[in-house]
Amino acid sequence: MGLYKYVVWWREWGIFMNDKNIFIGVCEDNSLHINLVKGYIDDFFNEFHNYEVLEFVSGEDLLSNYPNNIDLLFLDIQMNGLNGMDVARRIREFDNNVEIIFTTSVLDYVCEGYEVNAYRYMLKPIEYNIFKNNMGKCIENIIKKKIVLRQYDKEKSAYMSLIEK
């Protein structure tokens with residue numbers, strides 16, 4: 001129910017300007033897990049179609065093709081090449097806004113997740129109820145941030161127009 005409340009606010013504040021307003025990345029070297037997470041995302045959003053999922057097959061692929069507007073990133077830790085923790089460290093050098101949810105089958109990196117301000121750490125195999133709870137809280141935070149930024153931009157514009165007069 002919480003997601004519906006924020007989506008209503010989101011619409012009232014005029015944030016739904018484009019067809020896609022939530023951009024989600026999935027970085028995983030296992031195609032079965034990519035498909036599982038994408039299916040969970042589709043199930044979560046159900047009737048809301050204001051999202052887009054971007055797929056990356058490695059940390060190098062993600063860093064080379066990093067989108068400007070990504071809101072949420074599901075990031076595997078154990079990948080060939082750069083591991084997810086190293087990828088997250090590099091991302092934090094230029095993007096502090098994306099919410100990162102680590103997906104992995106080991107607990108070894110939980111403490112390191114705090115160093116990169118990870119939103120959550122989910123263990124594989126990921127159960128849908130756990131996914132849904134974490135996703136719901138994360139999307140609510142993303143929507144709140146977008147509302148605050150939208151309001152800030154409106155107030156800043158109004159203030160600047162007063163100064164210019």
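F102 is buried (under 20% relative accessible area, with exposed over 50% and partly exposed in between, for a 1.4 Å probe and protein chains only), its relative accessible area being 0%. The model is predicted: local features need pLDDT of at least 70, side-chain atom pairs count only at pLDDT 80 or more, and totals for chains, interfaces and linings use all residues. Residues are numbered from 1 along each chain as its sequence is written, and side-chain values use heavy atoms, without hydrogens or water.

Across the whole structure, a search finds eight aromatic pairs, where rings of Phe, Tyr and Trp (its six-membered ring) have centres within 6.5 Å and planes under 30 degrees apart count as stacked, over 60 as edge-to-face and the rest as tilted. One of them is the edge-to-face pair of Y66 and F94, with 5.0 Å centre to centre and 85° between the planes. Y66 sits in the loop between α3 (59-64) and β3 (72-76), and F94 in the loop between α4 (84-92) and β4 (99-104), 28 residues apart; helices (H or I, at least four residues) and strands (E, at least two) are DSSP runs numbered from the N terminus. Y66 is buried at 15%, whereas F94 is partly exposed at 48% relative accessibility.

F102 itself forms a tilted pair with Y121, at 6.3 Å centre to centre and 55° between the planes. Because F102 lies in strand β4 and Y121 in strand β5 (residues 120-123), this pair ties together parts 19 residues apart in sequence. Ring pairs also link Y40, F74, Y128 and F131 into a cluster.

Strand β4 also holds T104, which is buried at 0% relative accessibility. Beyond residues up to four places away in sequence, T104 touches D76, I77, Q78, Y121, M122, L123 and K124, contact meaning heavy atoms within 4.5 Å.
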